[in-house]
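Keep the view open while you read, and take the points one at a time.

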Amino acid sequence: MVQLQKVHGSQNQFFLLDQTQLKAPLTKEELVNLAQQITRRDTGLLNGADGLLVVSKSHHPQVLGKMQVINADGSFASMCGNGLRTVGRYLAQKYHKETFKVETMQSDLRVSCKPDWAQDVKAVSVEISPVSFQASDLPFTNLGATELINQKVPEFAPNLKFSAVAVPNPHLISLVPNNILQSNLLEKLGTRLNQKNPYFPDGVNVSFAQVLNAHHLFVRTFERGVGFTNACGTGMSAASLIYALTYPQEHLFGQLLTISNPGGFVQTKVHRTADSYWIELIGNATVTHYIEVTEGELHEKQPDFSNFKITSTTENEAYQKFMATHHK
């Protein structure tokens with residue numbers, strides 16, 4: 001039997017599959033098929049999810065494992081901060097380590113276990129990097145600039161300022177007032193920039209951030225390949241960086257920030273070294289279900305989810321209780 005987990009970071013939900021358990025690891029095509037089947041909200045397992053996290057062996061020195069992120073639509077994401085926390089917890093428990101690195105598509109990232117936020121609410125800190133503002137790294141075109149940092153882009157919205165940053169997946173960020181956050185502009189812009197468009201040929205994650213106080217943001221993200229999610233770890237990290245750059249007088253670098261989202265909240269710290277940046281993302285890593293299934297079932301074109309043996313945990317109740325008392 002193979003064990004999968006259903007996990008979440010800030011209610012960003014995933015299934016986690018450790019390929020090292022398998023005698024015959026799934027091929028790329030089989031992984032994409034499994035991701036598309038299992039995450040479906042209507043016919044998937046446990047009401048679906050936002051994506052599939054695939055853990056495999058890394059051949060890099062000092063690295064505990066490799067993470068791949070497959071979105072619900074079958075596309076691959078170069079990084080996922082909320083997902084990395086849950087993979088970090090999984091590897092920490094598997095190998096009995098507190099601090100280590102995990103290989104992701106573009107770089108090996110630091111992971112460390114933090115003290116539990118509450119009973120049964122595990123917390124993990126992960127590194128979000130590399131950071132680039134270069135148009136070629138996002139990529140974006142036809143905006144008359146090679147970098148976009150807190151600038152008006154009338155093509156997107158008449159009065160808002162936008163910043164584009166790859167962390168390493170591409171994000172378009174705007175700091176907005178509450179009335180814009182409550183409007184349908186984010187949905188319209190996110191939908192438009194993730195269809196064929198002249199600006200972001202590969203699509204882009206779009207986030208609106210509202211400043212609640214000097215050290216507290218609310219961030220909502222329209223995620224490429226997913227749509228609206230409860231939270232986007234790299235989106236909250238990117239928004240924290242743009243906030244620190246936009247308000248230099250607040251001296252926000254190295255300060256602990258709270259980033260609320262529809263699924264709860266995380267903490268971030270933006271670090272600047274010479275001309276480079278990286279963001280520390282600290283948040284929950286919750287296991288909601290353990291799932292047992294035969295290896296053969298995972299190779300099926302149409303897995304029969306009635307053959308998946310599910311055991312639920314009490315961790316999600318603990319997370320909800322913690323958020324109800326601490327989430328402003």
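1. Arginine 41 is partly exposed, at 47% relative accessibility, whereas aspartate 50 is buried, with a relative accessible area of 7%. Please bear in mind as you look that this is a predicted model.

2. How many salt bridges does the structure hold? There are six. Side chains of opposite charge can pair when their charged atoms come close. Arginine 110 is partly exposed at 40%, while glutamate 127 is buried at 8%.

3. Lysine 122 and aspartate 116 also meet through their side chains in a salt bridge, at 3.4 Å from N to O. Here lysine 122 is partly exposed, with a relative accessible area of 29%, and aspartate 116 is partly exposed too, at 40%.

4. Next, follow the strands around β6. Strand β4 (residues 63-71) runs parallel to β6, and three bridges join them; lysine 66 has glutamate 103 in β6 as its bridge partner. On β7, glutamate 103 stands opposite aspartate 108. β6 and β7 pair in the antiparallel sense over five bridges, and they form a hairpin with four residues between them.

5. Threonine 104 sits in the loop between β6 (99-103) and β7 (108-118). A polar atom of its side chain lies 2.7 Å from the backbone oxygen of serine 107. Beyond its neighbours within four places in sequence, threonine 104 is in contact with Met67, Ser78, Met79 and Leu109.

6. If you go looking for disulfides, you will find zero in the structure. The sulfur of cysteine 113 has its closest cysteine sulfur in cysteine 80, 17 Å away, so the two are too far apart for a bond. For cysteine 232 the closest cysteine sulfur is again in cysteine 80, but at 7.0 Å this is also too far for a bond. Cysteine 113 is partly exposed, at 23% relative accessible area, and cysteine 232 is buried, at 5%.

7. Finally, find methionine 236 in helix α5 (residues 233-246). Methionine 236 is buried, with a relative accessible area of 1%. Which residues does methionine 236 touch, not counting those up to four places away in sequence? They are Ser10, Asn82, Val219, Ala231, Ile259, Asn261, Val266 and Thr268. As a guide to distance, the C-alpha atoms of methionine 236 and alanine 318 are separated by 23 Å, and the two residues are 82 apart along the chain.

Note on methods: Residues numbered from 1 in each chain as written. Predicted model: local features only at pLDDT ≥ 70, side-chain atom pairs only at ≥ 80, totals over all residues. Heavy atoms only, no water. Helix = DSSP H or I, 4+ residues; strand = E, 2+ residues; numbered from the N terminus. Buried < 20%, exposed > 50% of the residue type's maximum accessible area, 1.4 Å probe, protein only. Contact = heavy atoms within 4.5 Å. Polar contact = N/O pair within 3.5 Å; in protein donor to acceptor, adjacent residues only side chain to side chain. Disulfide = S-S within 2.5 Å. Pairing = 2+ DSSP bridges. Salt bridge = Lys/Arg side-chain N within 4 Å of Asp/Glu carboxyl O.
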